[in-house]
Amino acid sequence: MDISKIEFRQLTQKDLPSLLELYVQLDENNKGLTTESSIPIWEEISKNPNIKYFGAVDTANGDRVVSTCFTMIIPNLTAHGRSICFLENVVTDSAYRKQGLARKVIEMAIEDAKSHNCYKVILQSNCKRTEAHKFYENLGFDGNLKKAFDLRVH
C-alpha cells in the first residue's frame, strides 16, 4: 500500500459504495446496507451542513475509503452558545491500520469542530475496544470526564 496515494477529504455521495463496505468492518450487522437503499439516506444527510463524513481515500485503489469518521455539529444554549461536535463511526480498513490514517481523519474532524466554535467533541466507543480507547486518549480525549448511556430503541 502506498500511503502517498491517500487523499484526506470530506466524503461525498460517490464515496458511498466503499464507505458502506468499510462499515461492515465496523459492525457485521452493516452487511445488509446497499448503495441503492443508502442513497436516500445520504441525500437527507447532505441537506444538513452540520453533518459531515471525513475520510482517507486510497486513490491508487479505485478511490476506496479506507478510514472514516462522521460528525454532527449540534447548536447549544449552554457554554455561552458554543456548539458541540458529536463524532461517531470511526473505522479504518484492517489492511490500512497503524499508518496514522484515523489520526488524520479525526484531526480533520476536530479542526472542523473548532472552525464551528464547538467547545467540545464527544466521541463514543464500544466498551470492549480498549485498544481504540488508548488511541483516542492519545488524541486528547478523556474517557473519565463523563459517562455515556446508550438506549437502543427497536
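Modeller: β4 (84–92), α3 (101–115) and α4 each supply at least two residues of the lining of the second largest pocket. Those names are DSSP runs counted from the N terminus: a helix is H or I with at least four residues, a strand is E with at least two. By pocket I mean an open set of points on a 1 Å grid over the protein atoms alone, where a 1.4 Å probe fits and protein lies on both sides within 12 Å along at least five of seven lines; a lining residue has an atom within 4 Å of a point. This is a predicted model, so local features need pLDDT of at least 70 and side-chain atom pairs 80 or more, while totals for chains, interfaces and linings use all residues. Residues are numbered from 1 along each chain as its sequence is written, and side-chain values use heavy atoms, without hydrogens or water.

Back to our pocket: its volume is about 490 Å³, meaning the space filled by probe spheres set on the points, which are joined across faces, edges and corners. Sixteen residues line this pocket, and Thr92, Arg97, Lys98, Ala102 and Phe135 are the closest to its centre. The helix α4 (130–138) gives the most to the lining, with four residues. By class, the lining has eight nonpolar, three polar and five charged residues; Ala, Val, Leu, Ile, Met, Phe, Trp, Tyr, Cys and Pro count as nonpolar, Asp, Glu, Lys and Arg as charged, and the others, Gly among them, as polar.

β4 and α4 also each supply at least two lining residues to the largest pocket, which has a volume of about 1600 Å³.
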